[in-house]
Amino acid sequence: MTKDLLEILGAQKPILSAPMAGAAGPKLIAGVCNAGGYGVTPLWTKSPTDVVSGIEDLRALTNQNFAVNLNLSFPYEDQLEACIDQGVHGVSLFWGMEPKAIERAKAGGLVVLVSVGCAAEAKVAADAGADIVVAQGWEAGGHVWGQVSTIALVPAVVDAVDIPVVAAGGIADGRSMAAAMMLGASGVWVGTRLLASEEATIHETYRARLLDASEADTQWSHDLYDVDWPDAPHRALINSTSRVWQEAGSSAPGKRPNENQVIGHRPTGEPVVRYQSYTPLPETSGEVEAMSLWAGQSVAQIREISSTAQIIEEIYQEAKKLLKHGSSIL
């Protein structure tokens, strides 16, 4: 279904960017789009007015299609209406299953992508009219909806629905893209690798940690970085905050070491407290190493900084070469 996916998206390459709030600004998303992929811009933290501004900022950098990402566990209705009013190409829905949101987006003329963590959710999304489902495996960085690995999840979802399936979680190079395509995925969703792009808006300390990390240097937690976003499992780099928390017995929120301690400040001057769900920006000050440094298990494949366009092209060309010659392996 890769051809179907590309036709739905109006893209040239079946590579989509993960909606990394804080890290993926207009330049990164436009870089994906202009390289032939499909960008997904994270605007769910914005007011409806700022959603419109975010769409306009991105349109100033690309004339290609893109989607706006909305979080269904927070108020989203007004943001969705803003997307419809602006005539964006698509909307990416995650962190929940709301058939009414899918139906409203479809009625508004949008292409609808829905992130899922199991085959049953994929069927609900498809039945509600979703155009594409994104099967997010447990390996993924940032907030992780399900607990099934990508290699087990993708074929299960592919077998459950008759619409294109995009694989997410652990996709950082052409090898992992080719593997996902062999599992039946029509395309891939890339996040952690794009954190090491020139356009990613993250702090240098965060970037340096990504370049040095191994596949064993991330940790999945249910509620470690829960301030501002409770009850939302996630994967991030192991750091001083997570080590002290584990040494103290991995206690529940309200009983953790140094809770409410200010460990830094946002560029606006607002405090960042320990255990806050926050992506450190270039101008963030304080103990950046102790903040939530989102990363997936594919972080071991990241060893250099490249432009977004280079990353998309390298992943695509390597996967294309491997899939072309794969029949000679056995």
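Guide: A crossing of two helices is called left-handed if the near helix is turned anticlockwise from the far one by less than a right angle, and right-handed if clockwise. The model is predicted, so local features need pLDDT of at least 70, side-chain atom pairs count only at pLDDT 80 or more, and totals for chains, interfaces and linings use all residues. Residues are numbered from 1 along each chain as its sequence is written, and side-chain values use heavy atoms, with hydrogens and water left out.

Visitor: Is the crossing of helix 3 and helix 4 left-handed or right-handed?

Guide: Helix 3 covers residues 48-59 and helix 4 covers residues 77-86; helices are DSSP runs of H or I, at least four residues, numbered from the N terminus. Their axes, lines fitted to C-alpha atoms over the stretch in contact, lie 8 Å apart at an angle of about 40°. The crossing of helix 3 and helix 4 is right-handed.

Visitor: Which residues of helix 4 meet helix 3?

Guide: Contact means heavy atoms within 4.5 Å. From helix 3, Pro48, Val51, Val52, Ile55 and Arg59 take part. Their partners in helix 4 are Asp78, Gln79, Ala82, Cys83 and Gln86.

Visitor: At what angle do helix 8 and helix 12 pack?

Guide: Helix 8 spans residues 174-182 and helix 12 spans residues 308-325, with axes 7 Å apart. The crossing of this pair, helix 8 and helix 12, is right-handed. The packing angle of helix 8 and helix 12 is about 55°.

Terms used: Axes fitted to C-alpha atoms, helices over the stretch in contact; angles between N-to-C directions. Helix = DSSP H or I, 4+ residues; strand = E, 2+ residues; numbered from the N terminus.
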